[in-house]
Amino acid sequence: MSGPRAYRLGVDDGVAAALAASNLSRLHGPALRRLLAGARLARVPAGSVTHREGETVEHLELVVDGLVRVFVTAPDGRSMTVRYARPGALLGVVSMYADGFRMPAGTQAVIATTVLRLSPDVVRRAAAEDAHVADALLHELADRVLSFIQEITDSAFTSVRHRVARHLLDLASQESRAGAGARPALTVPVSQRELAEAVGSVREVVVRALRDLRESGAISTHRDHIEILDPVRLSREQGGTRVPDGPRR
């Protein structure tokens, strides 16, 4: 992981677009500048686990580019993703306010990712003194509650296409092998039969789902593996935590 560097207001680095897609877009001028005081940009390599289950450290991070998964791990080592965080997603608001906080899940960069790390102390003070900051954080917490409730129905009732997209992302996160080229290409060594068994369907239905995902430009398929060409687009297919594509109103 590259060392964090101070974020200077007025230097874009994609931060402006990420802020516009987040609940912090509700803040302007002095309130936003105050919130970003002491913030640091950090580059996270693909496959890196940035926070682990059980950690107690407060944090607040804005995903600037890339893709982060939030996952839980079973005693036998299997993992399940409970959220995919795309650019504009905030991570860690709960850690600043939950008594006796312990990370209930880990976080991992699916592809090389940039995050803006805000100071929890700065943000908490700003929220205590500025109702607009508090309102933005309350909206973020409300979004997280609703999205995790939605996650339950997504896991139980989504289409085969959604389940295939999610399983591919989970496998790619475990492999964490970036292909060559300007754009990240994650290689998933899985056959269509294995994929059908994993998502509880039959091969013919999975083949149709893969064709749809291939035509969307999210993946390319091969005899013994699948390449994820656009992980962010694939994350939108799988129905997890939703982050708007454009600025919030």
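How many cavities of 30 Å³ or more does the count come to, and which residues line the second largest cavity?

Analyst: This is a predicted model, in which local features need pLDDT of at least 70 and side-chain atom pairs count only at pLDDT 80 or more, while totals for chains, interfaces and linings use all residues. Residues are numbered from 1 along each chain as its sequence is written, and side-chain values use heavy atoms, with hydrogens and water left out.

The count comes to three cavities of 30 Å³ or more, a cavity being a set of points on a 1 Å grid over the protein atoms alone where a 1.4 Å probe fits but cannot get out. The second largest cavity holds about 40 Å³ of space, a volume being the space filled by probe spheres set on grid points joined across faces, edges and corners. Its lining (residues with an atom within 4 Å of a point) is made up of V44, T50, E61, V68, L91, T107, A109, T113 and V115. At least two of the lining residues come from β8 (106-109), and at least two from β9 (113-118), where strands are DSSP runs of E, at least two residues long, numbered from the N terminus.

As for aromatic pairs, the structure holds zero of them, with rings of Phe, Tyr and Trp (its six-membered ring) pairing if their centres lie within 6.5 Å.

Conventions
Phe/Tyr/Trp six-rings, centres within 6.5 Å; stacked < 30°, edge-to-face > 60°. 1 Å grid on protein atoms, 1.4 Å probe; cavity = no way out; pocket = protein on both sides within 12 Å on 5 of 7 lines; lining within 4 Å. Helix = DSSP H or I, 4+ residues; strand = E, 2+ residues; numbered from the N terminus.
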